[in-house]
Amino acid sequence: MNRHRYLPYTLTLNSPAIVTALGGDPNSSSCLPFIPGAAVRGAVAAALGDPGADNSRRQEFHDLILSGKVRYLNAYPCFEDRRALPVPVSLRRERNAADSDNPVLAIDLAACDDEAPSDEEGMDSWPDAQLAALDAGFLTIGEAQPTLVQPKLNARLHHQRDRAKGRAWKDRQGRTYGAIFSFESLDAGQAFQGIVQLKGKDEEELLRTENRIKELLGGSILVGRSRRAGYGGMAAVEWWDARGREAHGPGCEGMRPLTGDMRPGQQFRLLLTSACIVRDPATGQIDPAALVELIGGLFGGRAVLLRRRWSFEGIGGFNRKWRLEVPQTMAVAAGSVFVFEAKQRIEASEIHRIEDDGLGEGKEEGYGRFVFLDKPLSTNFRLSRPNEAAAVKAGGQPPPLVAAIEAGILRNQIVREIEESAAGFLPSPEKTVAISNSLIGRLRTPLRGAPSDALDTLRRWLNGEREAERLKRPAMQKLERCVMNDGKSLAEWILEAGSGGNILEWLHADVLAQKWHIVSEESAMRFIEARTGELSARLIDSVLAALALRNKAEEVGDER
């Protein structure tokens with residue numbers, strides 16, 4: 001008897017990735033909101049290389065790529081280390097509800113008796129409100145509070161022009177040389193979790209295959225296309241502990257993966273977690289409608305299909321090795337729902353076996369995957385939305401634009417805090433500043449350079465080990481007679497200000513990080529801590545500048 005193991009991994013994009021979807025005009029490229037299993041399967045095949053005439057390498061290539069022992073499931077967006085799955089097509093929300101509502105009140109049409117009610121009695125089972133589809137494509141299933149997840153897509157325009165003329169132009173026959181291209185891409189910094197399904201006779205074979213897959217993929221892979229245009233989707237690979245099922249967790253009522261036996265009369269659902277390609281058994285032609293007959297026979301008459309809520313999509317691809325498009329075909333879309341009712345007892349082990357086998361064709365590339373869920377709720381249930389800070393995965397990086405915005409906000413607030421704090425360190429107004437502007441200007445000169453070099457220079461001038469490095473005695477006496485607001489001399493204050501710990505405390509860095517972060521408090525604090533030298537130099541310069549202004553104000557007052 002074969003055993004199955006599901007090996008999760010996370011792909012964190014370090015650059016934008018174009019994962020082409022069908023559709024669009026010839027000068028544009030639509031992007032899938034996930035990373036297909038075919039991309040990871042192709043990365044493993046590329047790592048294996050051409051086996052040539054080596055029988056052992058041919059056998060390994062067959063086992064890992066062609067045999068079906070290893071299946072590469074799609075990598076979907078993840079939230080808090082949980083892989084999201086395609087949203088069931090049966091879920092709806094009220095059309096008048098705001099898109100930003102959190103939580104979202106969802107209605108499951110799989111709980112309604114009739115697909116197209118035509119009589120008054122049938123209409124009672126359908127909601128009266130106008131409904132609309134959810135605005136997110138993925139949902140975490142198996143946790144206490146299902147969360148809607150939507151990956152971030154970006155679009156860029158590229159201009160191709162004739163190299164010789166330096167512009168786009170048309171010849172007399174109307175042929176165009178040069179065009180505008182539009183590319184959608186998955187933003188860098190996002191995390192997608194995929195699964196490699198392993199099949200083997202025993203644990204030893206499963207472990208051997210698992211180690212080999214990890215070795216071949218290594219620490220990073222390339223996904224997507226247009227690498228020379230700044231895309232390429234360089235993704236870091238992080239592996240997680242293997243588990244026994246694709247969908248796991250206790251879940252909540254209405255979105256709970258089945259774990260126990262099915263009793264007679266109990267309803268349950270089959271949710272497609274990837275597109276499904278099926279053929280008509282009579283004609284041999286690809287026909288999505290044949291899926292009804294296929295899943296109707298999964299339980300050998302012990303469960304009947306009550307209703308379905310499904311949709312269809314075109315699928316295809318491109319074989320980079322052959323430089324040819326993969327033939328396009330229609331498939332039952334991911335998220336399609338089929339509601340069953342058990343007529344006899346169905347054991348949990350059989351349910352898990354059916355899930356492991358999958359449906360239809362293309363199983364090696366992640367097609368035909370599904371999970372069994374409990375019966376749909378006839379009442380509304382809540383779906384939460386993640387906030388922007390929680391959407392950044394642990395171990396991943398936020399999108400560059402978000403990080404740049406956070407850095408800009410923190411810089412502005414730090415400069416404001418330094419300007420406000422500088423006034424508090426000055427000597428009280430009734431005290432005379434016993435330091436000339438020429439000496440102040442000399443102290444400020446090193447601060448025009450790199451902060452670390454400037455602070456080192458000031459330390460040598462004020463407290464150097466060798467006397468030749470220190471300021472002359474008259475200058476030091478002036479600095480010692482200038483007493484700051486905290487009772488320390490200006491020389492002592494400058495030395496303390498050059499300490500990273502002091503500057504973070506004086507500027508209330510923890511408060512700044514808490515109030516002005518975008519990604520997280522930790523990221524904001526790391527930003528501030530990495531710039532302690534710059535902050536110290538800026539604060540010292542601000543205080544010295546304020547002292548110089550006070551001297552000038554006193555000189556003007558004396559002249560009057």
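Residues are called buried under 20% relative accessible area, exposed over 50%, and partly exposed in between (1.4 Å probe, protein chains only). The model is predicted: local features need pLDDT of at least 70, side-chain atom pairs count only at pLDDT 80 or more, and totals for chains, interfaces and linings use all residues. Residues are numbered from 1 along each chain as its sequence is written, and side-chain values use heavy atoms, with hydrogens and water left out.

The protein chain holds 16 helices and 24 strands. Helices (H or I, at least four residues) and strands (E, at least two) are DSSP runs, numbered from the N terminus. Of the 560 residues in the protein chain, 44% are buried. Among contacts in the protein chain with a separation of 6 or more, 74% involve residues 24 or more positions apart.

Salt bridges were searched for next. A salt bridge is a side-chain nitrogen of Lys or Arg within 4 Å of a carboxyl oxygen of Asp or Glu. The whole structure contains 28 salt bridges. One of them pairs E210 with R5, at 2.8 Å from N to O. This pair links distant parts of the chain, with E210 in helix 4 (residues 203-217) and R5 in strand 1, 205 residues apart. E210 counts as buried because its relative accessibility is 8%. R5 is also buried, since its relative accessible area is 14%.

The side chain of R5 makes a polar contact of 2.3 Å with that of E203. A polar contact of 2.8 Å joins R5 to the side chain of E210. Beyond its neighbours within four places in sequence, R5 touches V196, Q197, L198, E203, L206, L207, E210, A242 and R243. A network of salt bridges links R3, R5, E203, E210 and K214.

A salt bridge also joins E60 and R212, whose closest N and O atoms are 2.5 Å apart. E60 lies in helix 2 (residues 55-66) and R212 in helix 4, so the pair ties together parts that are 152 residues apart in sequence. Both ends are partly exposed: E60 has a relative accessible area of 23%, and R212 has 24% relative accessibility.

In a further salt bridge, R369 meets E246, with 3.4 Å between the closest N and O atoms. R369 sits in the loop between helix 6 and strand 23, and E246 in the loop between strand 17 (234-239) and strand 18 (267-272). The two are 123 residues apart. R369 is buried at 2% relative accessibility, and E246 is buried at 6%.

Helix 6 spans residues 348-357. Its buried residues are A348, E350, I351, I354, E355 and D356. Their cover includes strand 1 (3-13), strand 4 (70-79), strand 15 (191-200) and strand 23 (370-374). G358 follows helix 6 and has a positive phi, near 80°.

Q190 lies in the loop between strand 14 (176-186) and strand 15. Q190 counts as buried, because its relative accessibility is 11%. Its side chain reaches the backbone nitrogen of K152 at 2.5 Å. Leaving aside neighbours within four places in sequence, Q190 contacts L11, T12, L13, P151 and K152.

Cysteines were checked for disulfides, defined as pairs of cysteine sulfur atoms within 2.5 Å. The count is zero. C78 is buried at 6% relative accessibility, and C112 is buried with a relative accessible area of 4%.

I518 is found in the loop between helix 14 (509-516) and helix 15 (521-529). I518 is partly exposed, with a relative accessible area of 30%.

Terms used:
Contact = heavy atoms within 4.5 Å. Polar contact = N/O pair within 3.5 Å; in protein donor to acceptor, adjacent residues only side chain to side chain.
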